[in-house]
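This report describes the fold, sheet, cores and chain contact of the entry shown here.

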Amino acid sequence: MAEMWDWSPRPLARLAFGLMLMLSATVAAAAGDALDRPGLVAALCGDAAALGRGAEAVIGSAGSAAPDDLAFAGGVLRGLLDRRLACVGTGAVLLDRVGAADGRDVLTGIPASATGGRSPVLGLRQRGLVEAGAGIVALLTGATVEARSAGLATLARRMGTLPEADAILERARTAEADAGLRRAIAQAMQAAALDAPDPARRRAAIAAIAAVPSSAALSRLTSLKADPAYIADPAFRAALDTGIASVERAVAIGNGLALAYNAVSFASILFMAAAGLAIIFGLMGVINLAQGEFIMVGAYAAYGVQEAFRWLAPGLIDLYLIAAIPVAFLASACVGIAVEALILRHLYRRPLMSLLATWAVSLFLINGVRVAFGSQNLQFGMPSYVSGGVPLYADFIVTWNRLFAIAFAAVTLVATLLILKRTPLGLDIRAVTQNRDMAGALGIRTRRVDRLAFGFGSGLAGLAGVALCPIYSVNPGMGANFIVDSFMVVVLGGVGTVVGTLVAALGIGGANVLIEPFYGAVAAKVIVLVGIIVFLQRRPEGLFAARRRR
Amino acid sequence: MTGRAEILSTPSEAAPARPAAAWRRDPLLVGILVVIAAVCLGLVGLQPAPYLVNAIGQLAAFAILAVSLDLVWGYLGILSLGHGLFFAIGGYVCAMHLLAHAFAVTGVAPDFVQFMGWTALPAYWAGLTHAPYALALALGLAAAVAFVFGLASFRSRVNGVYFSIISQALVYVAMLLMFRNDTGLGGNNGMTGFPLLFGYPMGSAAVTTGLALAALGTLAAVLVGTRALVAGPIGRRMLACRDDETRLRTLGYGTTRLKLAIWCLSAMIAALAGVLYVPQVGIINPRVLSPDLSIEIAVWMAIGGIGRLGGAVIGAVAINALKFWLSAALPEAWPFILSGLVLVVVLALPNGLLDLATLRTRPTWLRGGAPR
């Protein structure tokens, strides 16, 4: 997208190129295309005014000078800046290091003595010109990308004072091999064109900026409203207003997309946290207040896998997040099964007591982890596939970490549905959810189903822990941030239905994220809670109540 | 589902004739009232160290809070995980009164007013310098919030764990709301630095003792009042509603009205506990609204014994006394001890610590003389 300078205004730039050549011819009087090397040396060794003229001559011819001339000029200017240039008699000697007794003659390259030579003194203005000249040469002839981009930075700082900048940039961009630097050069050209004296070029530059909308482009265009031409020139004003309007629209759409993307990713996490909760609640009527801590266990398991990779297979460390998926599932599932077997098994007839028992478990897990690992946030190294993102439209960037969470949730959804609908365990779970006594009478071992389902639901929470560790901070108290929202999802979606959980997660996650930018995070929560209470007036059993008999 | 109903369902024909004496037939309650009276006398006569007086007063406030929850959980089967909200309403209104009073007397604006760059208190603080109005506002506000929330929930038959979850969300949202600085209620830091109570300097021995006595007296009054309520016809209807709401409704009783009325009463008692609590600790901030604290109230009850007003008092006092002691002596170990205690009680003693008394000898005097 940013490559557009490669095609659209090229004829225009060519025209400017010619124009600049004519202009620079007046400065570099006799030089023409070839650099007058002895003249340059003489000028640099002359008085302050002559020194300035010499530097200007280099800048003026840089757009067209031959590469070896440029390299020569660059060497001299760099030497001048580094105080390695000694003027002796009629010529100059370039020293290898500051203060050396002898070096090589600038023009001939023959070793020569620098005795009695003097280093030209640079005034503020002259130093600026010499630096610009050296920067331009570095941009055009630098050996590495770093050297060339440093040269571009030097040039960009004094763009306004250099009429030749356009020709130089055009030459640099044509020759540049590195795509990133080429983009940077194009941007610099754009900036130069915006400040150009020619109104038509300025309008073209505005249109070019508006063609790649972003909030940076918007602020750049908006700042042009203060330009005198905005009041004086109706064509300029029209072009600017059109440009701003189109960028504003694009930025608004991009922000909307970004918001929707965030909403879906938050809903994904919420779904993964709540799916296990909904299954457990539907099956056993147990409110598992420790679900948030099972998420935390999953995230800590992912951390453990990362550390194991770091010690045992540092080369494969990027894969740890994938390897953590089964580990986190098993870790949380084991904790869940242990809790079920040791505690909840005895409390099925007393759901409110099992609620308090799971609260005690959550208190225990939070403080146990705090004592074992400390209460600071864990440091996760982010593999390449969950860091960064792709800019899609205007300011909307598809970040990989959120895409990871969304994809993870989608896979989990499909897997959960398959397990519930297509496996013997799923059949048992559905049977016991619908009618526990009848299922028991038909020979299903309901207690065993309970235990496996509790392990499964806890394991889902562990998966949520893996999915959120690239996005949210991981610490012992992290579960509390999700638990209230996940309960709301279960209440709204209806117990024991995965589809209801999905719809409710999208609804609550979406509402939270969408309301937040307008009224704030707190108002979002208040509105969502009130919405849920009002909704329960109509459907106390939630969106999709599982049909069952008790 | 919450333990044994028979403890309190005393089908005595004498009850309607002399309802005023209902509390006398609960020996546990009588015992607690005697202890309260003894502690009051001790406070006045022995003049113990101020921190001890203060701790006793706070324990009494927590006990009132526990009784308020027992009323709805133990007798109606409604577990509220949001009772901290009503406690906080009382606490916040009391803090507002104390600050407004101090502002009127000393002329120094409260911290958060200066912090927000305001010159005067927000408009809705008007009149809070008058204590009776503040008390009425605390109780009225708690009752109003409880009424709206209860009406919405009970009308649509939101029951059991559903109600618990939604009440937890309510207190959570309230906490987020109070963490904001622009509410005019102190925001993140809450309200603190109360210099005066009714014109007397806070922290003096007389005021501390007075507050503790007030809390103890209120606890006694609340116990006697609620006992009279649950032992009377309304109490029998409450138990019936707890054990089988559908049947009670089928028999022609309006359960929504009953639940709503008791729910609001419970909220007001909780607010009263908050009013008594805040001047004793000298601070209120949004942390009292954290869902964990509201669950803890239920934990006190589960440990003390549900559906038995005395059990709530014993649980609240025992757990909080332990907490006062251990969070100073062994701060790291306290959460483990609490969670272990909860698990042991929940698994081994379905009716809380009161079970311990019945384990060995089953003395009938403790069971209210109502064996079935």
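Does Gly46(A) count as buried, partly exposed or exposed, judged by its C-beta neighbours inside 10 Å? With 15 C-beta neighbours, Gly46(A) counts as partly exposed. The model is a predicted one.

## Loop positions in chain A

Gly46(A) sits in the loop that links helix 2 (37-44) to helix 3 (48-61) of chain A.

Arg83(A) belongs to the loop between helix 4 (67-81) and strand 1 of chain A. Although Arg83(A) is not a glycine, its phi is positive, at about 60 degrees. Most residues other than glycine have a negative phi. Because 14 C-beta neighbours lie inside 10 Å, Arg83(A) counts as partly exposed.

## Overall form of chain A

Chain A contains 22 helices and six strands. The radius of gyration of chain A is 35 Å, whereas the globule rule gives 24 Å for 550 residues, so the chain is more spread out than a compact globule. Along the principal axes, the C-alpha atoms of chain A fill a box of roughly 110 × 60 × 35 Å. Of the 550 residues, 47% count as buried. Among contacts in chain A between residues at least 6 apart in sequence, 70% join residues at least 24 apart.

The domain assignment divides chain A into domain 1 (2-30), domain 2 (37-186) and domain 3 (255-477). A distance of 63 Å separates the C-alpha centres of domain 2 and domain 3 of chain A. Ala153(A) is partly exposed, because 14 other C-beta atoms lie within 10 Å.

## The four-stranded sheet

Chain A has an open sheet of four strands in the order 1-2-3-4, with antiparallel pairing. Strand 1 (85-88) and strand 4 (111-113) stand at the edges with a single partner strand each, so one side of each has no neighbour in the sheet. Neighbouring strands are turned against each other by 45 degrees on average, direction ignored.

Strand 1 of chain A is joined to strand 2 (residues 91-95) of chain A by four bridges, and the two run antiparallel. Leu85(A) stands opposite Leu94(A) in strand 2. These two strands form a hairpin with two residues between them, where Gly89(A) takes a positive phi near 55 degrees. Strand 3 (residues 102-105) and strand 4 of chain A also run antiparallel and are joined by three bridges. Here Gly103(A) is placed opposite Ala112(A) of strand 4.

## The hairpin of strands 5 and 6

Strand 5 (residues 389-393) and strand 6 (residues 396-399) of chain A run antiparallel, joined by four bridges. Val390(A) has Val398(A), in strand 6, as its bridge partner. Two residues lie between the strands of this hairpin, and Ala394(A) in the turn has a positive phi of about 50 degrees.

## Nonpolar cores

The largest nonpolar core has 213 residues, and those with the most contacts inside it are Leu356(A), Ile64(B), Ala66(B) and Ala271(B). Helix 2 (residues 50-76) of chain B gives the most to this core, with 17 residues. Leaving aside residues up to four places away in sequence, Ala271(B) touches Phe86(B), Phe87(B), Ile89(B), Gly90(B), Ala138(B), Leu139(B) and Ala142(B).

A second, separate core of 69 residues includes Ala165(A), Leu218(A), Ala250(A) and Ala394(A). Ala394(A) is also the turn residue with a positive phi in the hairpin of strands 5 and 6 of chain A.

## Contact between the chains

The contact takes 29 residues from chain A and 35 residues from chain B. On the side of chain B that touches chain A, helix 6 (160-178), helix 11 (291-304) and helix 13 (334-348) of chain B each supply at least two residues. Helix 6 of chain B provides the largest share of that side, 13 residues.

Note on methods. Residues are numbered from 1 along each chain as its sequence is written. Chains are lettered from A and ligands numbered from 1 in the order in which they are written. This is a predicted model: local features need pLDDT of at least 70, side-chain atom pairs count only at pLDDT 80 or more; totals for chains, interfaces and linings use all residues. A nonpolar core is a set of buried Ala, Val, Leu, Ile, Met, Phe, Trp, Tyr and Cys residues joined through C-beta atoms within 7 Å. A residue is buried if 20 or more other C-beta atoms lie within 10 Å of its own, exposed if 12 or fewer, and partly exposed in between; C-beta atoms are placed from the backbone. Two residues are in contact if their C-beta atoms, placed from the backbone, lie within 7 Å. Domain bounds come from an automatic or database domain assignment. Two strands pair if DSSP finds at least two bridges between them. Axes are lines fitted to C-alpha atoms, for helices over the stretch in contact, and angles run from 0 to 180 degrees between N-to-C directions. The radius of gyration is taken over C-alpha atoms; the globule rule is 2.2 Å times the number of residues to the power 0.38.
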